[in-house]
Amino acid sequence: MNNTFLLGPVCATLLLGLIGCGGSDGGGSGENSIVEINGDAEPTLVANLPNAVAIAAGWTHSCAVDGNGQAWCWGNNEYGQLGCLGDLPRKRDIPYTDTPCAVAPIASSMVFGSIASHRSVTCSLDLTGNAFCWGYGIPFEPLREPIGPTPVDTTEQFTILRAAMADTDMCGLTATGERYCWGTGETTAERLVAEFKDDNGHQFVDIALSQRWGCGVTGDIEAWCWGSNWFGQLGGGTVGQFEGPLESQLPVKVVGDRSYRTIDAGLMQTCALDTEDAAWCWGLTADGQAYGTPQSVPGDNRFDKIFTGSQFACGLTNNGQAWCWGNNEHGQLGNASYQDSAVPIPVVGGLYFSSLALGGYHACGITTDQQLYCWGGNDFGQLGQPIKNERI
């Protein structure tokens, strides 16, 4: 595959044929360009899903868990990633939905806690740490396997669940910091076998996954990354496409003497918070450049949590205010505009969030009073709003 990296506007033809573009004009190709927008640049309430406790954003779908432990999903369903089976458990009943639908549990007593989504699969942990997944369908063909929640084949119980941004991998982290992953194979049975990953003895307190690479923070507050290094997203000091290496099977220590406490991975960048709550990113960052070393996020913001999507990122301050930066082609920065920003800018609406989830070109957040809001791209109804086209 031909891989290109162009600056101003930023376009990257990436693995899996995913294309990300953005420029200072909000994604247009010139001063007089007309851009088709299907989304909302301001947070909009997902009205029929109150009391949300967990949220996940896939590439073009969203999921949440309510206060009763019921999982709900909406948006793109071409792979069955919504888990809404209806009366036909071996077919996709719906190609997409702009209204949250209840994920059909294996048993009425099943109670979910956390949830994670990537491009074609959604997984959730029950309250004891057992992992269940749904999805895996073949686009444009009837599904040949059940797509409702299916248990992951493992005796391990997990405290953290993470999904790859645009890949098909999912990993769980045990209470002792060991990583188990699943997501490859031709059948559901093969895909849902959790395999232990030898991280060269490292035990993690937080992990993040993306497209063919991942990162983690250890108990001694060091950041380590493994996998593809095409844009320097391993943080080991090199940019693979220019300097090599292109990948590393074993974790590579992120360069510098900083101490990190949490980490997240977007499409081609990694972002982390150090122990002083400052944000650092590396890889293909918001300014359209590829860095093999951590770069300080502009501004003097201090964050409690950090989240990354496709070419954009967001942080939550300790009082729950959301700030976002990067590509804003679909309004995913939530600041009522479609202008990109390399500097964090506040999400409008006066809302205070306890958690966020960033997808391909949209974001969702749970407010401190457990209301659910989404903003950004809505081409499959992933905002929980009717699909509509606008021109700007």
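This is a predicted model: local features need pLDDT of at least 70, side-chain atom pairs count only at pLDDT 80 or more; totals for chains, interfaces and linings use all residues.
Is proline 344 buried or exposed? I looked it up: its relative accessibility is 5%, so proline 344 counts as buried (buried is under 20% relative accessible area, exposed over 50%, partly exposed in between, with a 1.4 Å probe and protein chains only).

Residues are numbered from 1 along each chain as its sequence is written, and side-chain values use heavy atoms, with hydrogens and water left out.

Back to proline 344: I found this residue in strand β29 (residues 341–346) (strands are DSSP runs of E, at least two residues, and helices are runs of H or I, at least four, numbered from the N terminus). Skipping neighbours within four places in sequence, I see proline 344 in contact with residues including Trp323, Cys324 and Trp325 (contact means heavy atoms within 4.5 Å).

Next I checked the rings, and the structure holds ten aromatic pairs (Phe, Tyr and the six-membered Trp ring pair if centres lie within 6.5 Å; planes under 30 degrees apart are stacked, over 60 edge-to-face, the rest tilted). Tryptophan 59 and tyrosine 361 have ring centres 5.8 Å apart and planes at 80°, so I log them as edge-to-face. Tryptophan 59 sits in the β6–β7 loop and tyrosine 361 in the β30–β31 loop, so this pair ties together parts 302 residues apart in sequence. Both tryptophan 59 and tyrosine 361 are buried.

I also noted phenylalanine 204 with tryptophan 226, a tilted pair at 5.7 Å centre to centre and 40° between planes.
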